[in-house]
Each structure stands twice: as structure tokens, then as C-alpha cells.
Amino acid sequence: MKKSYLDNIILKNPVLVQSLGFVSILALSNSLKPAMIMALAVTFVLVVSSVIVSLLKSLIDEKFEMLILMVIVATLSTIAEMTIKFIYPLTFESMGIFTSLISVNSIMLIRLQKNAMISGVVSSLIDSITTGLGYTLVIVVLALIRELIGNGTIYGLRFISREFTIKTFNEPMMGFILLALFIALSNWYTISKKLREARK
């Protein structure tokens with residue numbers, strides 16, 4: 001079971017394999033700080049909502065399942081958004097409307113329906129944490145590359161002189177290109193792993 005949970009980080013990564021959460025990944029991956037804040041917010045909402053749903057699943061009527069899940073996620077997303085605004089007011093402003101879109105992140109409802117609604121609390125907790133780590137891995141690595149090459153900085157600290165930076169990495173187009181490369185690498189790794197296992 002441990003192996004299947006860890007698969008959420010690489011082999012079943014919610015972004016690279018399941019194609020979820022693209023909007024926030026592409027919008028906030030040009031700088032490390034907002035990327036890390038979004039990753040923490042998404043993971044928080046995912047973990048807490050998964051535990052709540054797992055605890056209450058026997059009380060949730062199937063007819064109202066989607067509505068109840070959306071209310072839980074929206075409530076936690078509002079809490080996350082207000083926390084970000086209070087702790088990081090300047091970064092919150094730069095993140096624009098994307099903090100408000102946590103509640104409609106496709107990762108949330110998919111994991112709640114496929115795991116939390118049918119699994120125990122411990123299983124839901126581990127699944128949501130590893131799924132959050134998978135999302136975090138992608139947005140943080142993408143932001144690290146784009147900020148370093150595009151601005152010459154990492155979390156605002158300069159590592160490369162301005163004249164050696166490539167401003168194109170700050171553009172949304174580069175986010176699409178890098179994400180596509182990440183997906184291609186993920187697919188290559190997954191296929192290679194399956195072929196190696198088939199030969200054994």
C-alpha cells in the first residue's frame with residue numbers, strides 16, 4: 001500500500017499524469033514564493049477536506065454528494081485565502097484571482113470522490129498528503145526554473161546577473177512549454193519503468 005501512496009508523487013502525479021490543476025500551475029509558476037504559497041494552500045485544503053469527508057461519508061446523501069463536497073472545499077479555500085491575505089498581503093495581491101480558484105481546482109473534487117468518499121481516515125490522509133506533494137513538486141520545480149533563468153533569482157535572492165537572464169522564461173508561453181516537457185519526461189519514465197518490469 002505504501003508504494004501506491006507514493007505513486008501519487010511521481011507515477012500517478014495529479015498534474016503530469018492525471019492532467020489536473022493546470023490553471024494554478026501555469027499562472028503562478030513564474031516565481032517561487034507565490035508557487036510555494038499556492039502549493040501549501042492547495043495541500044492544506046486537500047488534506048483537511050479529505051479527512052472531513054472521510055469522517056462524514058456515512059452521513060452524506062448520494063443525491064447531495066457533489067454539493068456537500070463543493071461547500072466543504074469552498075469553505076476551506078476561503079480560510080486559506082484569508083490566511084494568505086493576512087500573512088502575505090503583497091504576495092496575495094500579485095497572485096490575483098488565482099487564490100480564489102483553489103476551490104475549483106480539479107484535484108480537490110477528483111480525490112474526494114475517488115478516495116475520501118470510499119476510504120478510511122488514515123488512507124484518505126495519506127492519499128491527500130502524497131497528492132499534495134505531487135502537486136507541490138511540479139509547481140515548485142517549474143517556478144524554480146522560471147524564476148532562476150528568467151529573473152536570475154531564487155525566492156528573491158540574486159544568483160545570476162541580470163544580463164545573463166532570459167526574460168522569455170517569465171512569459172506564460174514558457175510555462176506551457178516547460179510543463180509539456182515535464183509531462184513528456186513523466187510519460188517516458190512511466191513507460192520505461194513498465195517495460196523494465198515486464199522484462200523481469
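Two residues are in contact when they have heavy atoms within 4.5 Å of each other. Helices (H or I, at least four residues) and strands (E, at least two) are DSSP runs, numbered from the N terminus. The model is predicted, so local features need pLDDT of at least 70 and side-chain atom pairs count only at pLDDT 80 or more, while totals for chains, interfaces and linings use all residues. Residues are numbered from 1 along each chain as its sequence is written, and side-chain values use heavy atoms, with hydrogens and water left out.

On the α4 side are Glu 65, Met 66, Leu 69, Met 70 and Val 73, which meet Met 108, Leu 109, Leu 112 and Gln 113 of α6. By class, this contact of α4 with α6 has 7 nonpolar, 1 polar and 1 charged residues; Ala, Val, Leu, Ile, Met, Phe, Trp, Tyr, Cys and Pro count as nonpolar, Asp, Glu, Lys and Arg as charged, and the others, Gly among them, as polar. The axes of α4 and α6 come within 11 Å and cross at roughly 125°. Axes are lines fitted to C-alpha atoms, for helices over the stretch in contact, and angles run from 0 to 180 degrees between N-to-C directions. Angles under 35 degrees count as roughly parallel, over 145 as roughly antiparallel, 65 to 115 as roughly perpendicular and the rest as oblique. α4 and α6 are therefore oblique to each other.

How do α6 and α7 lie relative to each other? Their axes come within 10 Å and cross at roughly 150°, so α6 and α7 are roughly antiparallel. In this contact, Ile 107, Arg 111, Asn 115 and Ala 116 of α6 meet Ser 123, Ser 124, Asp 127, Thr 131 and Tyr 135 of α7. The residues divide into 3 nonpolar, 4 polar and 2 charged.

Next is the largest nonpolar core. A nonpolar core is a set of buried Ala, Val, Leu, Ile, Met, Phe, Trp, Tyr and Cys residues joined through side-chain atoms within 4.5 Å. Buried means under 20% relative accessible area, exposed over 50%, and partly exposed in between (1.4 Å probe, protein chains only). The largest such core has 41 residues, of which Ile 25, Met 38, Val 53 and Tyr 135 touch the most other members. At least two residues come from each of α2 (22-28), α3 (32-56), α4 (65-87), α5 (89-95), α6 (106-116), α7 (121-151) and α8 (172-199). α3 gives the largest share, 10 residues. Leaving aside residues up to four places away in sequence, Val 53 touches Ile 60, Leu 69, Ile 72, Leu 112, Ala 116 and Met 117.

Some single residues remain. Most residues other than glycine have a negative phi. Ser 19, in the loop between α1 (2-6) and α2, has a positive phi near 55° and is partly exposed at 44% relative accessible area. Tyr 155 also has a positive phi, near 55°. This tyrosine sits in the loop between β1 (153-154) and β2 (157-158) and is partly exposed at 42%.

Leu 157 belongs to strand β2 and is exposed, with 56% relative accessibility. Its C-alpha atom is separated by 29 Å from that of Leu 101, 56 residues apart along the chain. Ala 27, in helix α2, is partly exposed at 25%. Ala 27 and Ile 139 are 112 residues apart in sequence, and their C-alpha atoms are 9.9 Å apart in space.
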